[in-house]
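This briefing is meant for a reader who is meeting the structure for the first time. Please look over the sequence and the model, and then follow the points below topic by topic.

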Amino acid sequence: MQSLQQLLAFAETAKHQSFAQAARGLGCAPSTLAKSVLRLEASLGVKLFHRSTRQVSLTADGQRLYERCQRVLAELEELQAAAASTHSPVSGPLRIDMPIAFGRRSVLPVLAQLAQSYPALEFDLRFSDAQIDLVREGVDLAIRIGELQDSSLVARRFASQTLRLCASPAHLERHGRPRGIADLESHRALLFRMPGSGRDRPWQFSVRGEVVSLQMKGHMRLSDGDAMVQAAISGLGLVQVPDYYVEDALAAGELVELLPRLRPPAMPISAVYPSQRLLPPRVRVVIEALCKQ
């Protein structure tokens with residue numbers, strides 16, 4: 001248990017980059033915590049921190065150990081939660097990362113119902129379209145769109161996303177309705193600027209069973225899907241966005257879907273979590289709720 005205490009002291013210090021703040025979190029004296037970290041360094045034979053008078057920072061060896069420590073401590077926390085769940089309700093902090101638009105529309109309503117069913121749950125919800133490292137960020141569950149690239153994660157598919165090409169009736173009245181991909185060149189395109197690269201997202205179509213990507217020339221670039229839909233409703237051009245962005249506009253007749261026979265294949269939407277972790281009850285109830293919707 002002594003080595004576990006040393007790892008805990010190290011992990012808290014790495015998290016806060018301060019012996020004083022870590023000591024306050026653990027309820028001990030900074031000198032006691034610093035000595036514990038020194039003993040850990042001595043036993044491992046490596047330097048874990050660069051130290052200055054005001055703060056500490058991880059060395060390369062320290063960074064590698066910190067990443068492993070987070071996994072070990074997370075598993076211990078989940079073991080405790082699993083043991084406690086045999087005689088207590090679902091409870092505790094739940095950190096979830098999700099895409100902004102899909103999270104707001106589809107995930108948040110499910111979590112709102114869970115919050116009523118399990119009042120002891122504490123939600124920490126992060127809305128971002130960027131891909132994160134779940135272990136490094138301390139996230140319990142993430143919602144991912146598309147095929148899973150990271151083999152260290154487990155995915156439970158619960159929905160799908162289809163791209164739809166749309167335009168307003170007013171735009172089609174002025175410019176005509178495209179009958180094929182070749183006709184798109186005569187229309188203005190509203191393009192999505194990808195947040196990671198800053199590049200325009202290509203439009204995708206399914207042609208004779210194969211996915212074809214087209215890099216369109218647009219007169220307007222936007223970084224927000226809802227803004228793209230509003231621009232299309234205003235008659236500013238054609239837009240290709242996930243189906244959940246345009247469901248209401250299509251139902252209301254504000255937009256019309258184009259070339260539906262050329263829609264690209266649906267992409268999976270999955271709840272993912274690290275494969276090396278046990279699945280605590282608080283995460284399991286979220287996955288089950290998402291799969292039932």
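Asp124 counts as partly exposed, with a relative accessibility of 32%, where buried means under 20% relative accessible area, exposed over 50%, and partly exposed in between, computed with a 1.4 Å probe on protein chains only. The model is a predicted one, in which local features need pLDDT of at least 70 and side-chain atom pairs count only at pLDDT 80 or more, while totals for chains, interfaces and linings use all residues. Residues are numbered from 1 along each chain as its sequence is written, and side-chain values use heavy atoms, with hydrogens and water left out.

**Asp124 and its surroundings**

- Asp124 has its place in strand S4, residues 121–127, where strands (E, at least two residues) and helices (H or I, at least four) are DSSP runs numbered from the N terminus.
- When neighbours within four places in sequence are left aside, Asp124 is in contact with Leu94, Arg95 and Ile96, contact meaning heavy atoms within 4.5 Å.
- Between Asp124 and Leu262 there are 138 residues of separation in sequence and 39 Å in space, taken from C-alpha to C-alpha.

**Helices H2 and H3**

- The axes of helix H2 (residues 19–26) and helix H3 (residues 30–44) come within 8 Å and cross at roughly 105°; axes are lines fitted to C-alpha atoms, for helices over the stretch in contact, and angles run from 0 to 180 degrees between N-to-C directions.
- H2 and H3 are therefore roughly perpendicular to each other, given that angles of 65 to 115 degrees count as roughly perpendicular, those under 35 as roughly parallel, those over 145 as roughly antiparallel and the rest as oblique.
- On the H2 side the contact is made by Phe19, Ala20, Ala22, Ala23 and Leu26, and on the H3 side by Pro30, Leu33, Ala34 and Val37.
- Sorted by class, the contact of H2 with H3 has 9 nonpolar, no polar and no charged residues, where Ala, Val, Leu, Ile, Met, Phe, Trp, Tyr, Cys and Pro count as nonpolar, Asp, Glu, Lys and Arg as charged, and the others, Gly among them, as polar.

**Helix H5**

- Helix H5 (residues 100–117) has 18 residues and reaches 24 Å from its first C-alpha to its last, which is close to the 26 Å expected at 1.5 Å a residue, the expected span being 1.5 Å times one less than the number of residues.
- At Val107, shortly before the proline Pro109, H5 has a kink of about 45°, the bend at a residue being the angle between axes fitted to the seven residues ending there and the seven starting there.
- The buried residues of H5 include Ala101, Phe102, Gly103, Ser106, Val107, Val110, Leu111 and Leu114.

- Gln6 is found in helix H1, residues 2–16, and is buried, with a relative accessible area of 9%.
- Leaving aside neighbours within four places in sequence, Gln6 is in contact with Ser36, Arg39, Leu40 and Ser43.
- Val72 is placed in helix H4, residues 60–84, and counts as partly exposed at 40% relative accessibility.
- From C-alpha to C-alpha, Val72 and Leu7 are 9.6 Å apart in space, although they are 65 residues apart in sequence.

**Loop residues**

- Most residues other than glycine have a negative phi.
- Gln17, in the loop between H1 and H2, has a positive phi near 55° and is partly exposed, with a relative accessible area of 41%.
- Arg208, in the loop between strand S9 (203–207) and strand S10 (210–214), likewise has a positive phi of about 55° although it is not a glycine, and it counts as exposed at 82% relative accessibility.
- Gly209 lies in the loop between S9 and S10 and counts as exposed at 72% relative accessibility.
- Asp140 is found in the loop between helix H6 (134–137) and strand S5 (141–145), and is buried, with a relative accessible area of 4%.
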